[in-house]
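Here's a quick look around one model, with a residue, a sheet and a helix pair as the stops. Have the structure open as you read.

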Amino acid sequence: MGAIFPLNSQIRPVNPVLQSRLRGFFNADDSYIAEDVFPTLSNVAKTGTIMDIALASGFGDISDSLVRAAKSRYHRSLGPQLGTATWNCEEYGDEAQIDLQQLEDADIPLDLEALESKVAIENVRIWQERRAADLLFNTTTFSNNVTLAGATQFSDPNSDPIGVIDTAVNTVFGLIGKDPNTVIVGRQPWRTMLKSASFLSFRPSNEDRNMLTKEQLRGMLKGYFGVEHLHIGTAQRNSAALGQTVVLAPIWGDMIWIGYMDYGNPGVAINDKEVKVDASAALRFLQTDLVSEEYEEPQTRSKVQRHRHIMDEVVVSATSAYIVNDVTA
């Protein structure tokens, strides 16, 4: 086991006036996007399957014109080609151990509990974010992708970001018959897009054309491409080993994910003979939402705070998205 934090020498502030003021570094709440990027099916079983209607079932049968000759039978549909997508929820969690003697010795015992718990819950959030980024920013899973280089990278003044995004939109539409409605982007490519000469050239000549705002970029993506949902992941993680000099690295890399997510109607629903379907690229299956628990551990004379959730994130339609890789030089 590694070093135990905090050290006894660290839990008694030198200046009591500053007891309630602590300097700390954590990701901002709005830098986490894993909770938002996936359409979610809640209260699911540990494992199961969701119905999958094959693409071929929804776009017609070219083998017959459907013309009915006199006194002949009507063309009969072969029916939907069905498949299933399987999920298997896993439990993820982290615990914070608070030594009761340290708690008694600390000048600010409530702060010590809160700080221990804060570190543990941030670890849970970091790992949820990493799972989401690893799943969605995967060019092997989403084989429809492009890797930019040189003058095609958005950081190059001669690049054509709008053309690249348009290719992504048209590719997805050509594969699933729906325009992408979601863009997921990391901080680095997002900042590059804000300064892109291609995007800025569409700004009115009498307004600032040096850099876009987040809302202006959101408006352009919606206006030009019909993108309703823009998720910008800016959370960072420590890539160094425990006790070593901290090395911060972005969780969401230098990629742009452009795809279709149905946040209002995840999955296939059959009610009163009405069938509602979607073509979401990925889904989150939630068995148990985040739970915080506390218990005593007499053998170590400690109090333990636990944070846990049970879920699975699954790509259910790899053709419903397109990835732009290496956006920035």
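## Histidine 309

Histidine 309 sits in strand β14 (residues 302-315); strands here are DSSP E runs of at least two residues and helices are H or I runs of at least four, numbered from the N terminus. With 1% relative accessibility, histidine 309 counts as buried (under 20% relative accessible area; over 50% is exposed, in between is partly exposed, with a 1.4 Å probe and protein chains only).

Leaving out residues up to four places away in sequence, histidine 309 touches, among others, Glu90, Tyr92, Arg131 and Asp289 (contact means heavy atoms within 4.5 Å).

## About the model

This is a predicted model, where local features need pLDDT of at least 70 and side-chain atom pairs pLDDT 80 or more, while totals for chains, interfaces and linings use all residues. Numbering starts from 1 along each chain as its sequence is written, and side-chain values use heavy atoms, leaving out hydrogens and water.

## The sheet

β14 belongs to an open, mixed sheet of four strands, ordered β1-β13-β14-β4. At the edges, β1 (40-42) and β4 (90-99) each pair on one side only (pairing takes at least two DSSP bridges between two strands).

Strand β13 (residues 282-297) runs antiparallel to β14, joined to it by 13 bridges. Glutamate 293 has arginine 306 in β14 as its bridge partner.

## Two helices

Over in the helices, Ile162, Ile165, Asp166 and Val169 of α4 meet Leu221, Tyr224 and Phe225 of α7. By class, that contact of α4 with α7 has six nonpolar residues, no polar ones and one charged (nonpolar is Ala, Val, Leu, Ile, Met, Phe, Trp, Tyr, Cys and Pro; charged is Asp, Glu, Lys and Arg; the others, Gly among them, are polar).
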